[in-house]
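Hi,

Here is the structure I promised to pass on. Have a look first, and my notes on its salt bridges follow below.

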Amino acid sequence: MRKLISTGSPFEKTAGYSRAVVQGDWCFVAGTTGYDYATMTMPDSVEDQTRNCLATIGKALTEGGFALEDVVRAHYYITDQSYADIVFPILGETFGDIRPAATMIVCQLNKPEMKIEIEVTALRRTA
């Protein structure tokens, strides 16, 4: 069974995507930037953007019946190489014990105010 999860962001409708798609025991969370979706504002700092990304991802996982502990793969996209050392401790707070397979890429993002984007894949844990 397939379940589509939305944050209510106008980007999802305009671009035709879901924040997350649950298919069986898998949850695929789309690339998530640092917007505060309640106010549709983007904080200036990469630290705050990272925390917003993780909060949005956590909510999407929960809505799909998953937990952060189910994350098996993470992709991190940053716009400046210097951000790596800044965001590593924040990512470690969330994923330090989970330790998903991860990749970090330095690249441009869709809007100049975006400094980080995070995409994760989760597999439901079984006892």
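Asp48 is partly exposed at 39% relative accessibility, where partly exposed means between the cut-offs for buried (under 20% relative accessible area) and exposed (over 50%), using a 1.4 Å probe and protein chains only. Helices (H or I, at least four residues) and strands (E, at least two) are DSSP runs, numbered from the N terminus.

Before you go further: this is a predicted model, where local features need pLDDT of at least 70 and side-chain atom pairs count only at pLDDT 80 or more, while totals for chains, interfaces and linings use all residues. Residues are numbered from 1 along each chain as its sequence is written, and side-chain values use heavy atoms, leaving out hydrogens and water.

How many salt bridges does a search of the whole structure find? It finds 4. Another of them joins Arg125 and Asp70, with the closest N and O atoms 2.5 Å apart. That pair links distant parts of the chain, 55 residues apart: Arg125 is in the segment after strand E6 (116–123), and Asp70 is in the loop between H2 and strand E4 (71–78). Arg125 is exposed at 51%, whereas Asp70 is buried at 4%.

Then there's Arg19 with Glu12, at 3.6 Å between the closest N and O atoms. Both of these residues are buried.

Cheers

Note on methods: Salt bridge = Lys/Arg side-chain N within 4 Å of Asp/Glu carboxyl O.
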